[in-house]
Amino acid sequence: MTDAAGLRITDLTVTYPGPRAAGLVGRRTPITAVDAVSLDVAPDETVALVGESGSGKSTIARAVVGLVAPSAGSIEFDGASLLNLRPRDQWARRNIAMIFQDPRSALNPRLSAAASISEAWEAHPDVAPEGVRRDQRRRRAAVVDLLAQVGLDPDVAGKRPTALSGGQCQRVSIARALALSPRLLICDEAVSALDVSVQAQVLKLLVSVREARSLSMLFITHDLGVVRQVADRVAVMRHGELVESADVHTLFTAPQHDYTRELLSAAVDLDVRS
Amino acid sequence: MTTMGLVQNPAPPAPLAPARARRTRVRRVVAALPIVVFGLYVVAAIIGPLFIDYSPVGGELDDRLLPPGSVLSDGGTALFGTDALGRDLFGQVVYGARTSVFIGTLVVLISALVGLAVGTVAGYRGGTTDLVASRVIDVLLAFPGILLAIVIAGVFDRSLAIVVIALSVTNWIGFARLSRSMAMSLRERDWVKSATVMGVRRRRIIARHILPFIAGPTFALATTEFAGAILAEASLSFLGLGLPSASVSWGQTIAAGKEYLASAWWISAIPGIALALLVICVGFTGDRLTRYFGRRR
């Protein structure tokens with residue numbers, strides 16, 4: 001393992017234009033969503049990013065996949081910068097896939113599961129399985145193979161998201177994310193919108209996919225129970241800042257920061273009540 | 001109830017009361033009426049002129065100002081009467097329908113294409129592109145559309161192309177505003193974001209993940225704009241700024257009858273009714289389409 005392998009986020013700062021200070025023409029006061037956060041995700045490692053809503057967890061994920069532009073700092077994957085990529089250098093992001101929170105809106109409602117999945121191959125023909133671009137039978141076989149890896153029947157391929165359950169949609173999203181054989185999977189609250197029973201199944205699937213493909217994972221969640229099951233290391237965020245980062249055992253047994261202790265005790269309270 | 005249903009055969013659904021069934025049928029027919037009438041206009045515009053074996057702009061002065069149903073000097077019947085130059089109004093109404101439908105379709109096609117392209121790109125890309133497009137739209141909105149069309153049509157020689165351009169200059173704005181607002185909301189959907197994350201090209205994202213969702217509402221808007229374009233063309237022709245005088249347009253026919261309103265009302269009234277009926281039916285059809293696509297969105 002070289003020093004530069006995996007994802008390296010250094011002093012990442014993301015600001016959004018805030019409301020105007022005065023009336024219609026006043027200056028906008030920028031809102032800092034993420035403030036000088038540094039975070040690494042090593043190969044094969046699963047890092048959980050936890051914190052309350054609005055703490056900047058998702059903004060970090062969005063910055064990594066290029067959906068928001070950081071105002072300062074750097075993001076590198078395997079030593080190559082992911083910022084200000086020219087169109088022809090977009091392959092750098094091919095190694096990173098993202099799974100969104102709402103399984104239904106993450107899939108185009110007018111496209112079948114197969115079309116959603118194979119879109120990834122059309123965008124990156126260089127990493128697509130042999131012949132899937134031209135040969136329809138091979139494409140279908142490749143789609144069915146991916147669906148099987150996420151525990152779905154072949155007949156799901158022809159169905160649209162409206163004909164699938166939330167859990168099935170999330171599995172299709174995972175299959176789509178795996179289509180390009182990524183090395184880092186970012187799960188942005190990937191199980192929060194699912195039923196509790198389905199949550200466990202999808203979580204199990206994510207863990208088994210991670211093992212099978214030796215994926216690194218950046219797991220964003222506010223659910224500490226989930227963190228315990230999947231993460232190697234936990235980073236705690238509050239108001240855009242990283243307050244604590246430790247391996248999962250240390251964090252749960254000996255939290256250093258007051259806020260982490262607060263979070264943990266809140267979770268324990270909930271456990272006791274339920 | 002449920003247990004009973006399990007044990008006994010479920011009772012057959014009660015037939016609708018005859019009066020209610022009749023009311024539902026009447027309501028359906030009434031609702032379909034505008035679409036049928038609109039369809040009839042389109043059919044008349046396309047194949048109507050094939051059945052008219054005389055020129056709608058030629059006529060005998062002996063036959064001038066004949067009321068509807070009169071017999072002409074050549075033995076034929078003027079169903080809608082004749083105008084001050086003895087020209088048959090029925091022929092003018094049918095040929096006028098062709099002109100209106102043709103110009104309306106052309107204007108809507110051009111406007112929809114331009115509006116969709118500008119609006120979708122501006123809404124999807126945001127930033128400077130959106131700023132520039134929005135300002136252009138704001139500036140054009142400040143002009144009354146028909147006034148701008150009158151200026152353009154007045155400056156150039158009368159021709160079909162000028163009429164179409166003059167009407168399209170402001171007509172695309174509605175399409176641009178609709179597609180811009182829809183593209184702005186669609187680009188925030190997760191399926192668009194995940195396509196972006198996957199590295200799908202912008203052009204493809206627009207074509208595959210954005211345009212299909214804008215198409216329905218655009219079609220509904222196109223119907224309404226079609227009615228507007230027909231009305232505007234008639235207005236231009238009425239003012240003498242539309243088509244060359246050798247072609248037939250309802251606006252010209254209405255204008256030709258305005259001096260005879262007291263003595264020969266039919267010259268202006270019949271094409272006027274034809275125009276109003278078409279615009280009303282197209283409007284109703286547009287409303288239905290808007291409701292349909294609104295439900296589906």
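The area buried between chain B and chain A is about 1700 Å², with carbon and sulfur atoms giving 56% of that figure, where buried area is the accessible area, taken with a 1.4 Å probe, that two parts lose on being put together, summed over both. In chain B, the residues that lose the most area to chain A are B:Val197, B:Met198 and B:Arg208, which together account for 37% of what that side buries. Counted by residues, 16 of chain B are in contact with 23 of chain A, contact meaning heavy atoms within 4.5 Å.

This is a predicted model, in which local features need pLDDT of at least 70 and side-chain atom pairs count only at pLDDT 80 or more, while totals for chains, interfaces and linings use all residues. Residues are numbered from 1 along each chain as its sequence is written, chains are lettered from A in the order in which they are written, and side-chain values use heavy atoms, with hydrogens and water left out.

The axes of helix 2 (residues 113-123) of chain A and helix 4 (residues 166-178) of chain A come within 8 Å and cross at roughly 25°, the axes being lines fitted to C-alpha atoms over the stretch in contact, with angles running from 0 to 180 degrees between N-to-C directions. Because of this angle, helix 2 of chain A is roughly parallel to helix 4 of chain A, a term for angles under 35 degrees. On the helix 2 side, A:Ala113, A:Ser116 and A:Ile117 meet A:Val172, A:Ala175 and A:Arg176 of helix 4 in chain A.

Technical notes. Helices (H or I, at least four residues) and strands (E, at least two) are DSSP runs, numbered from the N terminus. Angles under 35 degrees count as roughly parallel, over 145 as roughly antiparallel, 65 to 115 as roughly perpendicular and the rest as oblique.
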